[in-house]
Structures are given as structure tokens and as C-alpha cells.
Amino acid sequence: MSVLEVNNLKKNFRGIEAVKGISFSVEKGEIVGLLGPNGAGKTTTISMVLGVLEPSEGTIHIGGHDVHKDRTNALQVTNFAAVYAHLPGNLTVRQNLNVFGRIYEVPELAARIEHVMDEMDVRKFENTRTGVLSSGEQTRTTLAKAFLNSPQLLLLDEPTASLDPSSAQLMREKILQYAKSGGAVLWTSHNMQEVTDVCDRVLFVSHGKVLLEGNPRELPALHGKKDLEELFITVAREPLSLTE
Amino acid sequence: MIRMSLTRIFAIVLRQYYLTRDNATRLLQIFLWPFLDILLWGFLSQYLEEISSTSFIPILLGAIILWDFLSRVMTGVTMTFFEDVWSNNFLNMFASPLSISEYVAGMIASSIGTSAIGFVGMLLAGSVLFGFSITMYGLMSLPFLLILFLSGISLGIFGVALVLRYGPSAEWFIWPLPAIVAPFVGVFYPIETLPQWMQYVGQALPPTYVFEGVRAIVAGENFDSSSLLIGSMLGLFCIALSYAFFVRIYHRAVRTGLIAKYSAESAA
């Protein structure tokens, strides 16, 4: 059984179709890149997977639980980190982890907090309010929260965007390690080199539909492109040329 | 059946505890405004007692303490919600296993804490400065407080729903809510003083039964305590109504994507 199963997902906003019947799955231990230009429908899809946006049609199952009918159980085994969703800046790192650990009902929370603080290298500012941390430190704190409940499914929206190259490399290693241990990851990024290095499979979304799907290291050559970045640019500018 | 997790409800309370404990301004607002009200209305009551033979402390000062209690309960509910608005925390909260009923329960539980602290502070100030004692109302003080608590909770949930619907810029809707209700429920005067249509509105609002009761007890008149049962039932009904309204607004926000993109600009 797939960790994440998205089936014929559609979303209309006042008659405008933002997502037009997307289907995909993410398996245990797999890192899937969800790629596409701005406005392609990636964030809309992620919002529906996270249960904060109701689909017009279609179903989403996480760990076998329907996100919209069995929301609590589906989101209990999910977590996410996004550049636009930092943790409350008026709480310290430790306080945030204490609060969100309880929201996710993490067993043996105290020990788990110590573990993720070491893993994400946030211990040195554990008693600092997250609002005064650098953007890279905030991202690491958000990732610490994302790993807190040892999720089956991890959604990452530009997880390394604000990290320096060294920290980004460390984070990529942590995420690869997490996938090796059986976690499933849905990753969105505009850094095509990172996607090529990390993802097992990519889905190119354009105009609310999955346009292309495949191995990021093989897909560009299949479409006569030298790398994923060139393929991305084609998806963004001339998507029809890829479907001919 | 709704299954709620006490751990998740406690998480909301814990967040409010951290914020209140670690921030002097949040702690101060629990005490400052009620204290200023007590000073103002306490001295006014004292003056009126000096120039007449009526006992104004339990009527005027007592009424303002009880009314402030209701307002504090409402504020306790809304502040929990506003912390998420101000810190752009909606996505972290609502893309989690936390259910909407647990979130509301967390707002109510947080409000119990802050309003209880504020109320004790008001009672102490009223007692030390003006000799007010809640025991003046006898055993009736308990149902009085219960009805006001239920009313404050329902006003808070209703206000939060309005802000969720119209965005953070609708914050100004919330703060005057008690002032809008006050004239109808006869905080300082019997509701017979009001025009007939206002009396009808007042009879549908739970706090009316408290303030009518306060005046009857202070005047030594017969007080039908069954009216407190009506007040309590109305209070529970108002909570059910405001909760249903909030859930409806929340589902609308999930349908339209507002929760995912909540900000002053996107909400309107």
C-alpha cells in the first residue's frame, strides 16, 4: 500500500480549475519531487494533501486514511515544513517543540525533543524565541518540528531554500536518511540540481495536470533536454511541445 | 461521535501559558483594565453611597466586576485565536491532527485560566479598596458566574468566527461586542427601564438573569432562582449556536482555501 495516494484530484475556485484531475502516489522509502512553474497547482495540491483545502473532486489517502473523512488519523502520521510556515516567533524553539509534540501526540515526547534538537542542530538556541533566529535557523527548527512525530509522510516545500550550502547539504542527508528508514517524502523545490540529487521520481505539474513523470536523472534525455533545469524551463514556457 | 484528545487541548493551553508567563504585557492586560474599572466604578459607588441611603457597592461595583468577568472570559477565548493570527500560525495548527472541536476546547480551557486569575485579582482589589465581597450575593454567586462564563464563551467563539470570516482587519468587531450586549441585559438598571422591543431582546440573553438576580438579592426582594436555570439553558444554547457558526465559517475557509492563505489581505 502506498503511503500517499492521490486519486483524480480536482479543485475549482469560482469556476476556474486550478487542479484538473491529478493522480499520483508516494511509496514507503520514496522521495518524490513535485515540480512546476508558479501557478501550476503545486501549492493547491499540497494544501489539499494537508487537509487545509477541500478538493472539489477526488480522494487523498495517507497511510490508508482518507484526509477529508478521517482527518485526524491521516494527519497524525504526516508532517510538513514549508518556507512560508515558520513556527510562532514568540515561543522558544523548545516551547514550540513542546506544543507541537503534544498536538501530534508524540510518545515519550521529552526524549524525542532532545533527539530532534540534536539531529537538526538547534540545541544551541533551544531557549531563544524562533522569531529572532536567522532564516536558516528557523528552517532547521521547522524541520525539527516536521520530524518530531516520525511521520510516515513528510511534505517539504522548498526545505533548503534559506539554508547555506553546508547546512542544505546536511539537511539533504537527514532527509535521505529518513527516506532510507522507510519514510515517504513529497518534495517541492525550484532547485533542479537538488531535485536531481535527492528525488527518486519527479512529477511535472503544468496548468493543474501532471504533464511528465519519471526518474529525474533519465527524464531530461527522454525529452531531448540536457538536464532537469532545461526540462523545467520547457515545461514552464512550452508545455504543449512535450505532449506532442 | 466527536473524540477529543486531552493532550492536544492541553497543547493549546500550554502555548497560552508560555506566552502569558514570558511576556509582561500579556500578564498585565489580565489585571490592568479590570483594575482601572474597579477604581472608576468603586469611587463612583462610594460617592453615590455618601449622598444617598442606597447601597451602591454591591449594585454598581458588583455589576462591573461581574460584567468584567464576562468580558475577560470572552477575551480569553479570542486571545488564543489571535495568537495564531498574529504569528501566521494557521497552517501549522490546522494542517495537524488538531480537530476544530479540540481547538475550540483549547480556547475555552485557556480562557478559564486567564479569566479566573483576572477575576480573583478584581475581587481582591474590590475587597481591599471598597469592601466589596462576592459573598454579598450568597450561594447565588456560583450560578451567576456560571451563566456569565457561558455567555463570555459564546461571545468569544462568535467573535472569532467573525474574524475568521472577514480577516484580521475585522478585529475591531470583537472588542465592542460586550458593549453592544450591555444595554440589553441591564447591567446597571432593571430591564423594565428599556423599551418593550429591547426587553424582548434582553430576555433572550443569558446575562439578563444574572443582573436581575443581583438587584433582587441586594434589595432583599424575592428572587425566583428558577430564572437562573433559564439563564444557564440560554447560555448553553448560545454556545451551541456560536460553535455551529464557527464550524460553518471554518468549513467555508477550508473550501475556499482561506485557512491555507490566511492574512489580512486574503481574508476579505
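Chain A and chain B share one salt bridge. Keep in mind that this is a predicted model.

Select A:Glu105 and B:Arg8. These two residues form a salt bridge, with their closest N and O atoms 3.2 Å apart. Now widen the selection to polar contacts across the interface. There are 13 residue pairs of this kind between chain A and chain B, both residues at pLDDT 80 or more.

Next, colour the chain A side by secondary structure. H3(A) gives the largest share, six residues. By type, that side of chain A divides into 15 nonpolar, eight polar and seven charged residues.

Show the whole interface. Here 30 residues of chain A are in contact with 31 residues of chain B. The two chains bury about 2,700 Å² between them, 58% of it on carbon and sulfur atoms. Pick out A:Val52, A:Arg102 and A:Ile103: in chain A they lose the most area to chain B, together 23% of what that side buries.

Now hide chain B and turn to the sheet. Four strands of chain A form an open, antiparallel sheet in the order S2-S1-S4-S5. Strands S2 (16–26) and S5 (65–66) stand at the edges with a single partner each, so one side of each has no neighbour in the sheet.

Zoom in on S1(A) and S2(A). Eight bridges join this antiparallel pair. Select A:Phe13 to find its bridge partner in S2(A), A:Ile16.

Last stop: helix H1 (residues 42–49) of chain A. Helix H1 lies across S1, S2 and strand S4 (57–62) of chain A, and runs at about 115 degrees to S1(A).

Methods: Residues numbered from 1 in each chain as written. Chains lettered and ligands numbered in written order. Predicted model: local features only at pLDDT ≥ 70, side-chain atom pairs only at ≥ 80, totals over all residues. Heavy atoms only, no water. Contact = heavy atoms within 4.5 Å. Buried area = accessible area lost by both parts, 1.4 Å probe. Salt bridge = Lys/Arg side-chain N within 4 Å of Asp/Glu carboxyl O. Polar contact = N/O pair within 3.5 Å; in protein donor to acceptor, adjacent residues only side chain to side chain. Helix = DSSP H or I, 4+ residues; strand = E, 2+ residues; numbered from the N terminus. Nonpolar A, V, L, I, M, F, W, Y, C, P; charged D, E, K, R; others polar. Pairing = 2+ DSSP bridges. Axes fitted to C-alpha atoms, helices over the stretch in contact; angles between N-to-C directions.
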